[in-house]
Amino acid sequence: MKTVQFLSASAALALAAAALPAQATISIYSVVLNGPSEAPANASPGTGTATVTIDDVLNTLSLSVSFSGLTGTTTASHIHCCTAVAGTATAGVATTTPTFAGFPLGVTSGSYSVTLDETLASSWNPAYITANGGTTAGAFAALASGVSAGKAYLNLHTSTFGGGEIRGFLVPVPEASTYAMMLGGLAAVGALVRRRRAA
């Protein structure tokens, strides 16, 4: 009987947690950059990683990227959005053109960090603003939606690969609370198994 009560209480807690409104205003995405992920794919030995953080209250996009092993020297980097199908194909440039301000150009390896104020037109490709209602707010909403749907990618263009030498789609990083709930659930199952074995 106690086991049934324990399971009922656990189920009630899980349902209550699921019913709470989402309060998160910061979304974090990871990116793995490589040649095979480009379109068309290439055999570049170049690699990179990046973290993209979108804050829909402060209206900012923060990017931190590192890369190495490129066959050509960097000529541009930006985020493209939105592809027709998640994780594949190509799309136009959404962020600053021709490249992120201050991005290291003329190198085969490096690192870069920036926080863009997405209320400023200078943070965007003007064509992306026009295509999304003519305002930076419309562009930001479209990009946030595309990123969350897996339809946005970061790529680095080089002298060898003008269309992009390495790229990667933005993938959500689970929130700490998601891990906490998962670990809590595993602990509850473990406790239940121990109780059954003891009985």
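Residues count as buried under 20% relative accessible area, as exposed over 50%, and as partly exposed in between. The legends below describe a predicted model.

**Figure 1. The disulfide between C81 and C82.** The sulfur atoms of C81 and C82 lie 2.0 Å apart. A search of the whole structure returns 1 disulfide. The torsion about the S-S bond of C81 and C82 is about 75 degrees, and the disulfide is therefore right-handed. The two partners fall into separate accessibility classes: C81 has 5% relative accessibility and so counts as buried, whereas C82, at 34%, counts as partly exposed.

**Figure 2. The largest nonpolar core of the protein chain.** This core has 32 residues, and V52, L63, L143 and L154 are those with the most contacts inside it. Two or more residues are given to the core by each of the strands β1, β2 (47-55), β3 (60-68), β4 (74-81), β5 (110-117) and β6 (152-158), and by each of the helices α2 (126-131) and α3 (136-148). The element that gives the most is α3, with 5 residues.

**Figure 3. The surroundings of L63.** L63 is among the residues with the most contacts inside the largest nonpolar core. When its neighbours within four places in sequence are left aside, L63 is in contact with A50, T51 and V52, with F100, with Y112, S113 and V114, and with L154. Two of these partners, V52 and L154, are likewise listed among the residues with the most contacts inside the core.

**Figure 4. A nonpolar surface patch made by I26, I28 and V173.** The patch covers about 220 Å². One of its members, I28, lies in strand β1, which spans residues 26-34. I28 has 37% relative accessibility and therefore counts as partly exposed.

**Figure 5. The protein chain as the setting for the close-up views.** The protein chain holds 4 helices and 8 strands, and along the sequence these follow the pattern α-β-β-β-β-β-α-α-β-β-β-α. Of its 199 residues, 34% are buried. Among contacts between residues at least 6 apart in sequence, 64% join residues at least 24 apart. The accessible surface of the protein chain amounts to about 10400 Å², with 65% of this area belonging to carbon and sulfur atoms.

Methods. Residues are numbered from 1 along each chain as its sequence is written. This is a predicted model: local features need pLDDT of at least 70, side-chain atom pairs count only at pLDDT 80 or more; totals for chains, interfaces and linings use all residues. Side-chain values use heavy atoms; hydrogens and water are left out. A disulfide is a pair of cysteine sulfur atoms within 2.5 Å. Buried means under 20% relative accessible area, exposed over 50%, partly exposed in between (1.4 Å probe, protein chains only). Patches are made of residues with over 30% relative accessible area and no salt bridge: like charges are joined within 9 Å, nonpolar side chains (Val, Leu, Ile, Met, Phe, Trp, Tyr) within 5 Å. Accessible areas come from the Shrake-Rupley method with a 1.4 Å probe; for residues, only the protein chains shown count as cover. A salt bridge is a side-chain nitrogen of Lys or Arg within 4 Å of a carboxyl oxygen of Asp or Glu. A nonpolar core is a set of buried Ala, Val, Leu, Ile, Met, Phe, Trp, Tyr and Cys residues joined through side-chain atoms within 4.5 Å. Contact means heavy atoms within 4.5 Å.
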